[in-house]
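Work through the following exercises with the sequence and the model side by side, and try each task before reading its solution.

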Amino acid sequence: MDTSRLPPAARQRRGSEIRAFLRSRRSRLTPADVGLPGGGGRRTPGLRREEVAVLAGVGVSWYTWLEQGRAINVSAGVLDAVARVLRLSPAEREHLYLLAGLNPPQTPAAARRISPELRRVIDGWLPRPAYVIDRHWNLVVVNHAARVVFGYGEDGDNCLVSFFLDVRHRSARTHREEAARAMAGQFRADAARCPDDPEFGRMAAELCSVSPEFAAAWAAHPVGSTSQGGKVVDHPEAGELVFEYTTLPLPDLPGHRLLLYNPAPDSGTEARLTALLSERRGIDG
């Protein structure tokens, strides 16, 4: 645990927090929970430090120092072993990583699920567009307005790929050059947060090979990340639609983001959007 660069007060707080956290997780387990004989003579409930150490495959002294918050070297593999023994939830495992001064690992894709509550938020945002993207900008959930306005689907569409390669998106987005730089910069910032993920590099290289526009924007090395912004669309039926958007991280879905769009004030977008969706409802029956 490298805390040498932290101020003394911060080191002390981190040490106190990891000590209280690990003790509380030991105390909620019994020997029987982990396949050990109960025995007697326990003055406090829960597992002993030496039992956690043995089950995790680490030295008793090392685990004791970890729980005391001392400045020791910690690896991801050892933290995972401790998390497994203490039966930590994904959120608790992430918390342990942060207390130990390491970046939490990404949750496996198979473990990520969109909750019914989140789906209701997205559908309840109508008649305004809303959708969720994953860390590689693949669309995960899209409401009806986002499909009608932006032409997004839900089966494998990717925001970045669609912007640079899809004919409809190329013709619909206004302020094209500025938007291209912004998207390339946001994607580069996302890639920097995940240096061990080769998919970002693969996507960038593939887009550079097929899109001169992306290649030019990427070569300029823009970097940017924003939680709020604007988007202007020249819709073939509704005309110019001007939106403000807010991006919200989803802690329960690491790497996923919820994007919520609102019609820009005094742009006439709200009336045109309402009319467009009303017309589409009539066509769709």
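**Exercise 1. Charges over rings**

Task: find how far the charged end of R128 sits from the centre of the ring of W125, and do likewise for R176 and F163.

Solution: The criterion comes first: a charge sits over a ring if NZ of Lys or CZ of Arg is within 6 Å of the ring centre and within 35 degrees of the ring normal. By this test the charged end of R128 lies over the ring of W125, at 3.9 Å from its centre. The charged end of R176 is likewise placed over the ring of F163, at 3.8 Å from the ring centre.

Before going on, note that this is a predicted model, in which local features need pLDDT of at least 70 and side-chain atom pairs count only at pLDDT 80 or more, while totals for chains, interfaces and linings use all residues. Residues are numbered from 1 along each chain as its sequence is written, and side-chain values use heavy atoms, with hydrogens and water left out.

**Exercise 2. Confidence**

Task: state the mean pLDDT of the chain, and say where confidence is lowest and where it is highest.

Solution: The predictor's confidence in each residue, pLDDT, runs from 0 to 100. Its mean over the chain is 86, and 89% of the residues reach 70 or more. Helices (H or I, at least four residues) and strands (E, at least two) are DSSP runs numbered from the N terminus, and among the elements of the chain confidence is lowest in helix α9 (residues 167-172), with a mean of 65, and highest in β5, at 96.

**Exercise 3. Aromatic pairs**

Task: count the aromatic pairs, and classify the pair formed by F187 and W218.

Solution: Rings of Phe, Tyr and Trp (its six-membered ring) pair if their centres lie within 6.5 Å, and planes under 30 degrees apart count as stacked, over 60 as edge-to-face and the rest as tilted. By this rule the count comes to 14 aromatic pairs. For F187 and W218 the ring centres are 6.1 Å apart and the planes meet at 55 degrees, so the pair is tilted. Because F187 belongs to helix α10 (residues 176-193) and W218 to helix α12 (residues 212-219), the pair ties together parts that are 31 residues apart in sequence. For their surroundings, take buried as under 20% relative accessible area, exposed as over 50% and partly exposed as in between (1.4 Å probe, protein chains only). F187 is buried, at a relative accessible area of 0%, and W218 is buried too, at 18%.

The rings of Y245 and Y261 have centres 5.7 Å apart and planes at 45 degrees, so this pair is tilted. Since Y245 lies in strand β4 (residues 239-249) and Y261 in strand β5 (residues 257-263), the pair ties together parts that are 16 residues apart in sequence. Y245 counts as buried at 12% relative accessibility, and Y261 counts as buried at 2%.

**Exercise 4. Salt bridges**

Solution: Side chains of opposite charge can pair when their charged atoms come close. E67 is buried at 0% relative accessible area, whereas R23 is partly exposed at 40%.

E67 also forms a salt bridge with R49, whose closest N and O atoms are 3.0 Å apart, and R49 lies in helix α2 (residues 49-56), 18 residues from E67. D190 lies in helix α10 and R257 in strand β5, so the pair ties together parts that are 67 residues apart in sequence; D190 is buried, and so is R257.

Notes: Salt bridge = Lys/Arg side-chain N within 4 Å of Asp/Glu carboxyl O.
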